[in-house]
Amino acid sequence: MKLHEYQSKQIFGKHGVPVPKGRVATTATEARQIAEELGGRVVIKSQVLVGGRGKAGGIRLAKSPKEAEEVATQILGMEIKGLPVRKVLVDPAANIEQEIYLGITNDRAARRPVFMASGAGGVDIEEVARTAPEKIIKVHIDPLLGLRDYQANDIAVGIDLPKEHWKHFVEVCRGLWRAYSECDATLAEINPLVITKENTLIALDGKMLLDDNALFRHPDLAEMRDVDEEAPAETEARKYDLSFIKLDGTIGCMVNGAGLAMTTMDIVKLFGGAPANFLDIGGGAGAEKVAAALRIILADKNVKAILLNVFGGITRCDEVAKGILTALEDVKPNIPMVVRLVGTNAEEGRKLLADANMITAETLADAAKKAVAAATA
Amino acid sequence: MSILVNKDTRLLVQGITGNEGLFHTQQMLAYGTKVVAGTRPGKGGEWVLDGKVPVFDSCKSAVEATGANTSIIFVSARFAPDAIFEAADAGIAFIVCITEGVPVQDMMRVREYLDQKGVRLLGPNCPGLLTPGEAKVGIIPGNIAIPGSIGCVSRSGTLTYEVLYALKQVGLGATTCVGIGGDPINGTNFIDCLQMFEDDPRTEKVVMIGEIGGSDEEKAAQFIASKMTKPVVSFIAGQTAPPGKRMGHAGAIIEGGSGSAADKVKALEAAGVKVAKHPEEIPSLL
């Protein structure tokens with residue numbers, strides 16, 4: 001789950017990382033009021049869950065409350081990468097002396113959290129990692145011990161941070177570490193952390209990604225999810241515990257198991273079609289889940305055919321077929337359905353579905369060909 | 001021969017009284033696996049499945065009473081890390097965690113601890129493993145595979161069943177099939193299994209099923225090129241997966257420009273591995 005900049009900075013602030021005193025506005029009038037309270041120059045920052053806000057014109061400076069209102073009006077009317085801007089963060093403008101990158105993420109290969117830092121902040125760190133990896137300092141953290149102060153010192157030295165800031169920088173690192181570990185984040189990033197002309201450290205921008213699997217122990221964080229920012233079908237799917245991702249093809253896919261679901265998409269493509277979605281209905285494939293999944297797929301008007309691919313192992317294929325038939329009584333699709341059942345009692349299952357006028361297939365390749373033909377007919 | 005589990009495996013089921021635990025214990029017993037004990041705090045002293053399996057309050061007491069050497073975990077995600085720590089502390093040498101949805105920071109701590117103790121974990125978020133004709137430790141349907149000479153290792157559940165089933169259709173069987181699971185941090189990886197299959201005299205060929213996310217397939221390719229004498233056939237799922245999206249499995253995500261299927265296929269082919277275009281092609285490549 002992605003958090004907005006303002007949400008991430010609130011969390012950082014709570015854990016002792018210095019952040020600007022700004023607030024979020026949903027209207028231009030509110031933005032003006034906040035600018036008045038803050039006094040001086042402000043930055044108006046669009047709050048959407050995509051990168052490249054600055055380049056898109058979604059982050060702008062305003063010299064007065066009046067200008068803040070004007071700028072906020074413009075930004076609140078924008079779309080950035082297809083997402084309408086619904087909120088802006090109004091922050092006091094900082095006098096920047098130097099920009100630093102500081103982040104913590106999970107290093108899959110090392111199986112440890114890793115601090116990453118660079119004296120060249122404010123830029124796309126993935127780009128720096130590709131083009132000038134020597135400019136990034138990496139420090140792995142023992143997951144059983146957590147961050148040690150000496151490691152934060154090592155980072156300060158590594159990025160040539162002026163000595164006078166070391167003590168404060170260690171505190172920032174500790175705060176970021178607490179935010180990362182206490183929120184079960186998969187990424188906690190300050191970009192940029194700046195040294196101001198007044199010689200203080202402050203986190204001007206913040207980004208956090210949270211581990212969806214850990215949200216059960218963070219109900220407060222789970223509530224921060226901004227459903228405005230995701231495809232409505234994905235929100236709906238989550239309610240039924242279905243794993244769904246919308247794509248832009250014409251063949252709706254419904255499969256049990258994530259690996260098999262990806263494979264089904266791939267094979268549709270291999271035989272000249274385009275998958276409309278990824279959808280894992282999980283094991284069992286009961287009638288209720290199948291019905292919910294069908295509704296979600298059918299809500300996409302691009303879908304011209306449905307390919308249902310189920311491996312019946314412990315749940316037998318005839319049971320799965322009965323579940324599908326029950327679901328079809330509930331949702332009545334008016335587009336062709338190709339069904340492939342394989343595994344235990346597959347023949348009995350296929351017969352039940354063929355009797356109900358569905359196109360059945362034995363092999364994955366056969367199913368994909370039939371689905372592609374049905375979608376283009 | 002086989003790897004990791006066989007007819008000498010003495011299995012302890014953690015969370016044996018839950019729906020999943022009980023159902024799969026029954027399936028494993030029916031397959032012939034020696035399930036010697038189960039645990040569920042508060043239910044010690046009871047028996048389940050018509051008196052076939054004794055239940056203990058803790059792993060420690062179960063191990064002491066029954067000599068269990070392997071455990072399988074069916075408890076929910078919030079309790080799974082603790083169950084793994086408990087099994088390791090009770091002296092279990094091989095732990096299989098079926099549970100899906102374990103937080104990744106928990107897994108980093110678990111893995112660090114187990115590495116220090118020298119305990120092997122399989123999973124989490126995995127279907128377990130099957131040595132056809134000898135032992136089934138997990139949820140892989142027993143009837144879809146026959147004993148044979150092919151070692152099978154995979155990050156996916158149902159996709160593995162597909163492959164086992166396709167092999168069985170043409171009369172090919174497996175030594176052991178290992179589901180390593182779909183999480184970003186897991187206990188046993190491809191290289192661990194490839195090494196064990198290389199060392200197993202009964203295994204003649206290996207099937208490795210990967211998917212998008214991480215770089216384990218690329219590392220496996222290096223290992224195959226430098227250390228393996230047995231032929232490996234592979235399939236990688238997720239050619240059509242968009243970047244930045246988690247495809248069902250927590251670990252199946254292309255991020256920061258790495259983890260794509262194309263990169264993995266390229267690395268494997270460069271290592272001399274035959275990569276199938278779709279899973280049904282695998283038997284013909286063996």
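Two strands pair if DSSP finds at least two bridges between them. In this predicted model, strand β10 of chain A, residues 185–196, is joined to β12(A) by five bridges.

**Strands β10 and β12 of chain A**
- The strands β10(A) and β12(A) run antiparallel.
- L187(A) has L209(A), in β12(A), as its bridge partner.
- Strand β12 of chain A spans residues 206–210 and is mostly covered, with four of its five residues buried.

**Domains of chain A**
- Chain A is assigned domain 1 (21–92), domain 2 (96–222) and domain 3 (231–376).
- Taken over C-alpha atoms, the centres of domain 1 and domain 2 of chain A are separated by 26 Å.

**Contact between chains A and B**
- On chain A, 45 residues are in contact with 49 residues of chain B.
- Elements of chain A that each supply at least two residues of this side include β8 (112–118), α9 (258–270) and α13 (364–376).
- α9(A) gives the largest share, 11 residues.
- The side of chain A that touches chain B has 22 nonpolar, 13 polar and 10 charged residues.

**Nonpolar cores**
- In soluble globular proteins, nonpolar side chains tend to be buried together.
- The largest nonpolar core here has 151 residues, and L279(A), A371(A), I73(B) and I95(B) have the most contacts inside it.
- Leaving aside neighbours within four places in sequence, I95(B) is in contact with S71(B), I73(B), I84(B), A87(B), A88(B), V119(B) and L121(B).
- A second, separate core of 43 residues includes I141(A), V172(A), C173(A) and L201(A).

Technical notes. Residues are numbered from 1 along each chain as its sequence is written. Chains are lettered from A and ligands numbered from 1 in the order in which they are written. This is a predicted model: local features need pLDDT of at least 70, side-chain atom pairs count only at pLDDT 80 or more; totals for chains, interfaces and linings use all residues. Two residues are in contact if their C-beta atoms, placed from the backbone, lie within 7 Å. Ala, Val, Leu, Ile, Met, Phe, Trp, Tyr, Cys and Pro count as nonpolar, Asp, Glu, Lys and Arg as charged, and the others, Gly among them, as polar. A residue is buried if 20 or more other C-beta atoms lie within 10 Å of its own, exposed if 12 or fewer, and partly exposed in between; C-beta atoms are placed from the backbone. Domain bounds come from an automatic or database domain assignment. A nonpolar core is a set of buried Ala, Val, Leu, Ile, Met, Phe, Trp, Tyr and Cys residues joined through C-beta atoms within 7 Å.
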